[in-house]
Amino acid sequence: MYVDIHSHFLYGVDDGPETLEMSLRMLRRAAAAGIRAVAATPHILNNLSPAWEETVLSRFRETQMSVIGEQIGIDLFLGSEIFFQFGLDELVEWPIGSYRGMGVYSLIEVSMSHYSRHFPQSMSRLLSQGKRPVFAHPERVVPLIGDFDSIASLISEGVVMQITSGSILGDFGRRISEFSWELLEKGLVHCVASDAHDIADRPFNLDSAWIALSDRLGEDAADLLLYHNPRRILFAEEVASL
């Protein structure tokens, strides 16, 4: 049984599925893979508008009602994936700026090709305000590959690290896979999520990730990364370290 805190199953709001039926196909696959709770985290690439947020909320409610009607057997939650930008302090305060609108954990990504020197300071500011930033897929940020010190420093401040299941499975290449496993073995990861976008190239694959993690790190570690810590994030509880 798994909890997935990073996915793009809402249709027509970003680079995920285009239709409701495509969303439901993704969620059927998620349920079949053993995922019992999943958060929709649509991209926030620019400043939010009330109209766009209402579109996200409407699509979420529609998808939720369809899942209930079809008895798919998965609980849906809402958050977002916020691109690191000016005005981040305000963005995390929006209803979709944090998981379940609880104002605690927010999923934040940076450019895959550029790591801003202002990022650590911005994270410290959020933490001082009682927020808990979750750093999305740091293992795929090219300037951070091999930089264990920067990631460890962020963790020491209170930033939560989320890596992608596809990274440990080799979907993004050998270099990223090796770095992901090194982060895991050094205890520099709090949770693993799918970052699912579709049912083919970027699927819900936490079942495959659990096998890989349990084989290499043990079942307790796999459960912590794929169930316990993700669930704690959704319910604004303190995460544990490997």
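Asn 205 sits in the loop that runs between strand E9 (191-193) and helix H8; helices here are DSSP runs of H or I with at least four residues, strands are runs of E with at least two, and both are numbered from the N terminus. The model is a predicted one, in which local features need pLDDT of at least 70, side-chain atom pairs count only at pLDDT 80 or more, and totals for chains, interfaces and linings use all residues. Residues are numbered from 1 along each chain as its sequence is written, and side-chain values use heavy atoms, with hydrogens and water left out.

With a relative accessibility of 8%, Asn 205 counts as buried, a class that means under 20% relative accessible area, whereas exposed means over 50% and partly exposed lies in between (1.4 Å probe, protein chains only). Setting aside residues up to four places away in sequence, Asn 205 touches Arg 29, Ser 165, Gly 166, Leu 169, Asp 171 and Ser 194, where contact means heavy atoms within 4.5 Å. The loop between E9 and H8 also holds Ala 200, which counts as exposed at 60% relative accessibility. The C-alpha atom of Ala 200 is separated by 9.4 Å from that of Met 26, a residue 174 places away along the chain.

The account now turns to helix H8 and its partners. Helix H7 (residues 174-185) packs against H8 (residues 206-217) at an angle of about 55°, and their axes are 12 Å apart. That angle makes H7 oblique to H8. Axes are lines fitted to C-alpha atoms, for helices over the stretch in contact, and angles run from 0 to 180 degrees between N-to-C directions; under 35 degrees counts as roughly parallel, over 145 as roughly antiparallel, 65 to 115 as roughly perpendicular, and the rest as oblique. The crossing of H7 with H8 is right-handed, a term for a near helix turned clockwise from the far one by less than a right angle, with anticlockwise giving left-handed. On the H7 side the contact is made by Trp 181, Leu 184 and Glu 185, and on the H8 side by Ala 212, Leu 213, Arg 216 and Leu 217. By class, this contact has 5 nonpolar, no polar and 2 charged residues; Ala, Val, Leu, Ile, Met, Phe, Trp, Tyr, Cys and Pro count as nonpolar, Asp, Glu, Lys and Arg as charged, and the others, Gly among them, as polar.

H8 also meets helix H9 (residues 219-234), the two axes coming within 7 Å and crossing at roughly 140°. This crossing, too, is right-handed. From H8, the residues Leu 206, Ala 209, Trp 210, Leu 213, Ser 214 and Leu 217 meet Glu 219, Ala 221, Ala 222, Asp 223, Leu 225 and Leu 226 of H9. The contact of H8 with H9 divides into 9 nonpolar, 1 polar and 2 charged residues.

Aromatic rings provide a further set of links. Rings of Phe, Tyr and Trp (its six-membered ring) pair if their centres lie within 6.5 Å; planes under 30 degrees apart count as stacked, over 60 as edge-to-face and the rest as tilted. The count by this rule comes to 5 aromatic pairs. In one of them, the ring centres of Phe 119 and Phe 135 are 4.8 Å apart and the planes stand at 45°, so the pair is tilted. Phe 119 belongs to helix H4 (residues 119-128) and Phe 135 to strand E7 (residues 132-136), so the pair ties together parts that are 16 residues apart in sequence. Phe 119 is buried at 0% relative accessibility, and Phe 135 is buried at 1%. Another tilted pair joins Phe 148 and Phe 179, with 5.3 Å from centre to centre and 55° between the planes. This pair links distant parts of the chain, since Phe 148 lies in helix H5 (residues 148-157) and Phe 179 in H7, 31 residues apart. Phe 179 counts as buried at 2% relative accessibility. Ring pairs also link Phe 84, Tyr 115, Phe 119 and Phe 135 into a cluster.

His 137, although not a glycine, has a positive phi of about 35°; His 137 is found in the loop between E7 and H5 and is buried, with a relative accessible area of 1%. Arg 100, likewise a residue other than glycine, has a positive phi near 60°. Arg 100 lies in the loop between helix H3 (88-91) and strand E6 (105-109) and is partly exposed at 37%.
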